[in-house]
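Me: I should like to learn how to read several features of a structural model. May we take them one at a time, with the general idea before the case?

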Amino acid sequence: MSFYNSQAVLIVAAILFVLGLIGVLTRKNIIFILISIEVMLNAAGLAFVAAGSRWGQPDGQVMFLFILAMAASEVSVGLALVMQTYHQHKTLDAEKLRALRD
Amino acid sequence: MPLLFYTSSVIAILATIMVITRYHPIHALLYLVVSFLAVAMIFLSLGAPFVAVLEVILYAGAIIVLLIFVVMMLNLGTDTATQEKQWLQPKVWIGPSLLALVLLSEMVILLMQGDNADMQVTPVEIKQVSISLYKEYIIALELAGFLLMAGIVGAAHIGKHKKKHLHRFLQEENLDAENKKMKQVEETVNN
């Protein structure tokens with residue numbers, strides 16, 4: 001049993017989330033954008049687990065499990081889309097992908 | 001222990017900064033592994049051992065491996081790194097990062113204004129988590145199963161290597177163009 005400052009955990013989660021957001025906003029490569037989205041989801045999960053641990057309830061960890069399932073399916077579909085765009089356009093530049101059909 | 005928490009959160013933040021600033025995709029992924037391991041350490045110090053184990057196995061294991069496989073299949077090497085270096089000029093990243101940092105400072109100020117409750121961490125047992133998962137959240141669990149199924153089917157469908165199907169008019173145009181080319185070739189041969 002130990003004591004924490006409850007604000008410190010939330011501030012760490014907020015910093016991680018904003019770092020992921022900066023990655024999404026500034027990167028042009030689709031793979032880096034996917035990586036940054038993973039960082040953001042992880043930070044949201046950290047906030048959930050911290051809140052669950054603050055009140056001693058299991059709900060935060062349950063929500064983390066759902067976030068994990070969502071992140072797994074999101075990254076698999078996203079990587080399939082990345083492969084497909086690379087085969088059709090031969091580039092990973094997000095700014096080059098402007099046409100809805102080929 | 002608070003010391004454990006603070007050191008691992010500093011490591012997590014530094015590793016994440018390295019993730020979003022690297023040029024080479026593999027280097028970014030390796031720093032991402034470090035970041036996930038540090039976050040797993042934070043979970044462990046917050047009294048959530050089950051979630052920490054899942055973080056290591058699923059995030060640092062499965063998702064990273066998936067990303068590394070795609071990077072290897074697309075053969076992203078030093079060319080990509082030089083391209084990234086060209087793309088990531090200061091004038092590109094300074095504006096969004098400054099605005100995001102302003103938002104972050106606002107959020108930190110808001111968080112600091114609340115009453116500073118010292119948090120007493122008691123580990124939440126795995127048994128409690130699983131009972132709650134299969135009792136109160138059973139519908140959400142089934143929906144997560146649907147989501148995973150749809151993700152698998154969608155990934156398999158999108159990732160299939162398709163032949164390019166042209167519309168029939170376009171196909172005829174192409175055939176005409178090919179016929180013209182053939183005729184030209186025949187004419188040149190005859191001449």
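Me: Which charged residue lies over the face of Phe32(A)?

Reply: A charge is taken to sit over a ring if NZ of Lys or CZ of Arg is within 6 Å of the ring centre and within 35 degrees of the ring normal. In this predicted model, Arg27(A) lies over the face of Phe32(A), 4.0 Å from the ring centre. A further case is Arg54(A), whose charged end sits over the ring of Trp55(A), at 4.4 Å from the centre of that ring.

Me: How many aromatic pairs does a search of the whole structure find, and how is such a pair described?

Reply: Two quantities describe a pair of aromatic rings: the distance of the centres and the angle of the planes. The search finds four pairs over all chains. One of them is formed by Phe64(A) and Phe43(B), with 5.1 Å centre to centre and 75 degrees between the planes. Planes over 60 degrees apart count as edge-to-face, and the pair of Phe64(A) and Phe43(B) is of that kind.

Me: Where do Phe64(A) and Phe43(B) lie?

Reply: Phe64(A) belongs to helix H3 (residues 59-89) of chain A and Phe43(B) to helix H2 (residues 25-45) of chain B, so the pair joins two chains.

Me: Which residues form a nonpolar patch on the surface?

Reply: The patch consists of Leu37(B), Val53(B), Val56(B), Ile57(B) and Leu58(B), which together have about 390 Å² of accessible area. Helix H3 (residues 49-73) of chain B gives the most to the patch, namely four residues. Val53(B) is placed in this helix and counts as partly exposed because its relative accessibility is 46%.

Me: What span should helix H1 (residues 6-26) of chain A have?

Reply: At 1.5 Å a residue, its 21 residues should span 30 Å; the end C-alpha atoms are 31 Å apart, which agrees. H1(A) is also mostly covered, as 15 of its 21 residues are buried.

Me: What pattern does chain B follow along the sequence?

Reply: The order of its elements is α-α-α-α-α-β-α-α-α, which comprises eight helices and one strand. Of the 191 residues of chain B, 30% count as buried.

Key. Residues are numbered from 1 along each chain as its sequence is written. Chains are lettered from A and ligands numbered from 1 in the order in which they are written. This is a predicted model: local features need pLDDT of at least 70, side-chain atom pairs count only at pLDDT 80 or more; totals for chains, interfaces and linings use all residues. Side-chain values use heavy atoms; hydrogens and water are left out. Patches are made of residues with over 30% relative accessible area and no salt bridge: like charges are joined within 9 Å, nonpolar side chains (Val, Leu, Ile, Met, Phe, Trp, Tyr) within 5 Å. Accessible areas come from the Shrake-Rupley method with a 1.4 Å probe; for residues, only the protein chains shown count as cover. A salt bridge is a side-chain nitrogen of Lys or Arg within 4 Å of a carboxyl oxygen of Asp or Glu. Buried means under 20% relative accessible area, exposed over 50%, partly exposed in between (1.4 Å probe, protein chains only). Rings of Phe, Tyr and Trp (its six-membered ring) pair if their centres lie within 6.5 Å; planes under 30 degrees apart count as stacked, over 60 as edge-to-face and the rest as tilted. The expected span of a helix is 1.5 Å times one less than its number of residues.
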